[in-house]
Amino acid sequence: MSTTATQKKTGRLARISAAGTSPGVPSPRTAYLGIALIAMGLLVLAPALLTPFELRQMGRFVCYAMVAVGIGLAWGRGGMLTLGQGVFFGIGAYCMAMHMQLEDAALRGEETPQFMGTFGVDLPWFWEPFHSPLMTILLILLLPAALAFALGYSVFKRKVRGAYFAILNQAMVFAFVTLLVGQQATLNGSNGLSGFESFFGFAIHDPANRQMIYMIAAALLVIMMLVAYWMMRSRFGELLVATRDAEERVRFLGYDPAIIKTITFVTAAVMASVAGAMFVPLVGIISPAELGVVPSIAFVIGVAIGGRATLFGPVLGAIAVAWAESTLAENFPSGWTYFQGLLLILVIALLPGGIASVGRYLRWKHRGEAGKPTSEDPAPSDPATSDPESENSQKEAAS
Amino acid sequence: MSEKKRQSRLTAYAAIGAAGTLVLSACGARAGEEDAAVAESCVDTDGDTIKIGFINSQSGNMAISETTVNDVLHMAADQINEDGGVNGYELEIVEEDGQSEPATFAERSEYLLTQECVAAVFGGWTSASRQAMLPVFENNNGLLFYPTQYEGLESSENVFYSGATTNQQILPALEYLKEEEEIESLYLVGSDYVFPRTANMLIQQWAEENDVEILGEDYTPLGSTDFSTIANTVAASDADAVFNTLNGESNVAFFSQFDDAGLTAEEMPVMSVSIAEEEVDGIGPALLDGHLTSWNYYQTLEDPENEEFVAAFQETYGEDRVTSDVMQSSYNSLFLWAAMAEEAGSFDVDEIREVADGTSIDAPEGEVTVDGETQHVTKTPRIGVINSDGLIDPIWEGELTDPDPYLEDYQWADDEEAAEYAEEAED
């Protein structure tokens, strides 16, 4: 770390190597302390201070934060604007919901969930694996990984990136939601799955169990933050940032950018899927309305506002935006959407590094009077914090 | 540095370890062990006001419909307060925005019940929002008044359904088409969600029993606006009538492409069950002129209660505003709850449920009586024809019909038939 920090900033290559280590990656001390503080807040303070209702709401925010950790990796560190996380969130959520519905049906002594009775259908084949709790957990992890791998690898191998990748993601979400809505008899269509009674054998409405489910979600978020930090700090993390900022050069150095990007995309997908799986017992319902194009964009907003390339930005941004939505939307129901849009535009236009970059920016301004910014404290105009798409398009235009 | 690193890593592991212990120590009851403990009601009756909750979408794609319900609920609450409130208590309204998202409906209704401690909640529009709220009301023993006509096949102890179920809207529409329009064939067009799917399943069963041929059954995604193919197939099918369960803006596209395909209301009337006065205005009366609707209430009904209702609404919200079936059912729901609470002399949910059967009010649509068993209400089916002013004129009126959400009084609507139909649909 210290060797790159002393490098002179001469031209693009130096900036890239500097970008790989410093921006957004806190020192281990800061990182572990920060994660420990967040863990304390979520696992000790929140259950002690919040009412059961507020805790459940916090659980929902925690799920959004899990998605945000993945988006932070894929978009912030990898430059892949993932506007389709609703798909992976949905896969995890529906896997969990199907298992819980079958569990409830078994408790009632029936073969099929209640809504299927209306249409008199037998249990469809794709529900069968979800009888088993173990299989459900495996599928929550494996299904999104397989889909993200297939999509990611084929797309990145063909060097599709930037806006095209984002549009592809959006199309995928749209197709996914249309598919779900069409499954009235087998997945309850636009009504989605709801009305759960048990979660792996525990009564879901029991207050102690509710708290337990929240704790599991919060613990998973903390684990994901550790995973994200390890990925960011590793050599892989440096390669990822290098790929984001100068894909061709990484290729010339003998690495395969497609693999690097695919691994990151898969990680983000699995995180979104786990978040979806926890969303179901916490909120008590999953329907296509929570997964569509708009919710998928909403996942990204918190990450952008918090600071996409940083470790804490996505998590804090996602929780803050979700909290603000719940609080503000009550008082200005129709105004919230405009406010959210305005906030996103302001951040993208004026503060591309998100709120997390304010501190760095101020420090740089302060120091800027004495001399140039060091690579440890990059200016917001640094490639690490500027818009990856515009970087890519500049490159494409140049080549 | 490495010493520090190790230290902070240790701190992190310790935190996770502590968290894990907490998680494991917090396990509660196993599922199915006992009847789920229903939360104690926290309704506060100490003051001279009683809290009630309104939950309507004030943002999102349903806002345009649900804000009209919100308006009319406020009007009803004001009228009740002017008359001295309920059981001597003034109504205090707590409003929540459902944001057109089922999960938000679930969360905000839980907030109303557990944090605000409201005595009853009024609202919800889509089936998805109702199904999302259902477990919340059942687990907290709350009371929801749901105003929209819907697909039936449901009755919860914690919900009062003040809108029509299928035998009060869909079946009368079919009877009308058969008896008055003498149709022999029908084409079904609907948005892809639970209400059209269920309605069409019933229509298929009914058609088989009544020798009416179903020439086609098409669904489009909610909000879809491409109907050129469907309009052409409908035209080519030469059906005697179309049964339309499309929702929202899809109707604009459907009717304009229906018109482009050279079809008219005289040749092939369209019977719609989701187009009321409010929607006619949005679609454009010119396209709808002469087409049919099936509801229990129209703004043009000529009875003193309705004239008073329309006058009061237009005085409050403007002369250009219209009243519709769902608005009227919402308006009724507040008066029904007030009547039941007065009868019970209490706001207790169980006591209200006990006195519910037979509670009756003089509503704009006529007398409305609660059926205690299903917690639905009696309704008079009415067929209307849309006029060029954008209002709907009633042209046919059925008998006052008891609610039958599970269609138990209809021989043909049994489960086996439903299963057969579903199998055919699979193929």
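Me: How far apart do the end C-alpha atoms of residues 258–285 of chain A lie?
Reply: Happy to start there: this is a predicted model, where local features need pLDDT of at least 70, side-chain atom pairs count only at pLDDT 80 or more, and totals for chains, interfaces and linings use all residues. Residues are numbered from 1 along each chain as its sequence is written, while chains are lettered from A and ligands numbered from 1 in the order in which they are written. Taking helices (H or I, at least four residues) and strands (E, at least two) as DSSP runs numbered from the N terminus, residues 258–285 of chain A are 93% helix and 4% strand. The end C-alpha atoms of this span are separated by 36 Å.

Me: Which UniProt annotation covers residues 258–285 of chain A?
Reply: The unreviewed UniProt entry marks several spans of chain A, including 212–232 and 258–285. UniProt positions follow the numbering used here, feature names are shortened, and annotations may be inferred rather than shown by experiment. The name given in the record is "transmembrane region".

Me: Which element gives the most to the side of domain 1 of chain B that touches domain 2 of chain B?
Reply: In chain B, an automatic or database assignment gives domain 1 (49–165 + 309–377) and domain 2 (167–297 + 381–426). Counting residues as in contact if their C-beta atoms, placed from the backbone, lie within 7 Å, domain 1 of chain B brings 24 residues and domain 2 of chain B brings 19. Helix H2 (63–82), helix H12 (325–344) and strand S13 (376–377) of chain B each give two or more residues to the domain 1 side. With 3 residues, the most comes from H12(B).

Me: Why is one side of strand S7 and of strand S15 of chain B left without a neighbour in the sheet?
Reply: The open, mixed sheet of chain B holds 7 strands in the order S7-S6-S8-S9-S10-S14-S15, where strands pair if DSSP finds at least two bridges between them. S7 (213–220) and S15 (392–397) of chain B stand at the edges, so one side of each lacks a neighbour, as each has a single partner strand.

Me: Which residue is the bridge partner of Ser272(B) in S10(B)?
Reply: Strand S9 (residues 270–272) and strand S10 (residues 292–295) of chain B pair over 2 bridges in the parallel sense. In S10(B), Ser272(B) is bridged to Thr293(B).

Me: What angle does the direction of helix H5 of chain B make with that of S10(B)?
Reply: Helix H5 (residues 166–179) of chain B packs on the sheet, with S9, S10 and S15 of chain B among the strands touched. Axes are lines fitted to C-alpha atoms, for helices over the stretch in contact, and angles between N-to-C directions run from 0 to 180 degrees. For H5 and S10 of chain B, the angle is about 140 degrees.

How values were computed. Two residues are in contact if their C-beta atoms, placed from the backbone, lie within 7 Å.
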